[in-house]
Amino acid sequence: QLLALCSTAAFVSLSTGPAVSGSVVKGHVGQNVTVPCFYSVQGPHDITSMCWGRDSCPASKCSRTIIWTDGWRVTERSSSRYLLKGNLSMGDVSLTIVDAEEADSGVYCCRVEILGWFNDQTSNHNVVIEKARISTASPHTYTSEQTSAPGSTSKSSATVTRTWLSVSSSEAPQTASGPCSSTSDCLDVTSNLQNVSVSLPNQQYSENGLYIGIGLCAALLAILILALFLT
């Protein structure tokens, strides 16, 4: 029984492989997420095949395989969203998930097949894809406020100008005692009224002088007639 127990323990130990590691990789929806995985390459003879799969690494191969490579190029993949962008000949077999989705969250297995019994290098990686955060301050809103500020200022100043013109126009008809269509018309009427008010006293003075002259002539004529009568 002891021998059987030792044999079982040794089998379990060997089936898990000599190197098991893992990491947590976080990303956001819509982004490209890269899950790292490397193995040592000292020369061309070290280049080997490997696979990526969903869920933890099984005793051999990959479960729910998503991509395979023979060490030089990708030989199989389940979707075009899975890429190996690293230098395969240098041992960079990192997985890139294009346009990540929440459904891509979960455990991924990287298995590098090493020659020999139970020598495969395996690593499990927990991928977490989160929704992108929504920013409360929008640069577009801030720009529109900055753009609208000068426009509102020019509008207010134009309003003040129009108000001042309307007040000037409303005062002009009161001075002219009648309606006017524009400021220039009101100014013309006002100047005409001023000329009339100045010319009226001159006409009065000329008429008074005429009356005084006529009176003096009549008095002189009466004196002459009286003098002739007396002589």
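## Sheet, cores and a buried aspartate

In this predicted model, three strands form an open sheet in the order 2-7-6, and their pairing is antiparallel. Strand 2 and strand 6 (82-83) lie at the edges, each pairing on one side only. Between strand 6 and strand 7, the antiparallel pairing runs over two bridges. Leu83 has Thr96, in strand 7, as its bridge partner.

The largest nonpolar core holds 23 residues, and those that touch the most other members are Trp52, Ile66, Val93, Leu95, Tyr108 and Cys110. At least two residues of this core come from each of strand 2 (33-35), strand 3 (50-54), strand 4 (65-69), strand 7 (95-97), strand 8 (106-112) and strand 9 (121-130). Strand 8 contributes the most, with three residues.

Beyond its neighbours within four places in sequence, Cys110 is in contact with several residues, among them Cys37, Met50, Trp52, Val93 and His125. Cys51 and Cys57 also belong to that set of contacts. A second, separate core has five residues, including Cys51, Cys57, Trp68 and Cys109.

Asp120 is placed in the loop between strand 8 and strand 9. Asp120 counts as buried because its relative accessible area is 15%, and the cut-off for buried is under 20%. The side chain of Asp120 takes part in the two approaches listed below.

| Side chain | Partner | Distance |
|---|---|---|
| Asp120 | Arg111, side chain | 3.0 Å |

Methods: Residues numbered from 1 in each chain as written. Predicted model: local features only at pLDDT ≥ 70, side-chain atom pairs only at ≥ 80, totals over all residues. Heavy atoms only, no water. Core = buried A, V, L, I, M, F, W, Y, C linked by side-chain atoms within 4.5 Å. Buried < 20%, exposed > 50% of the residue type's maximum accessible area, 1.4 Å probe, protein only. Helix = DSSP H or I, 4+ residues; strand = E, 2+ residues; numbered from the N terminus. Contact = heavy atoms within 4.5 Å. Pairing = 2+ DSSP bridges. Polar contact = N/O pair within 3.5 Å; in protein donor to acceptor, adjacent residues only side chain to side chain.
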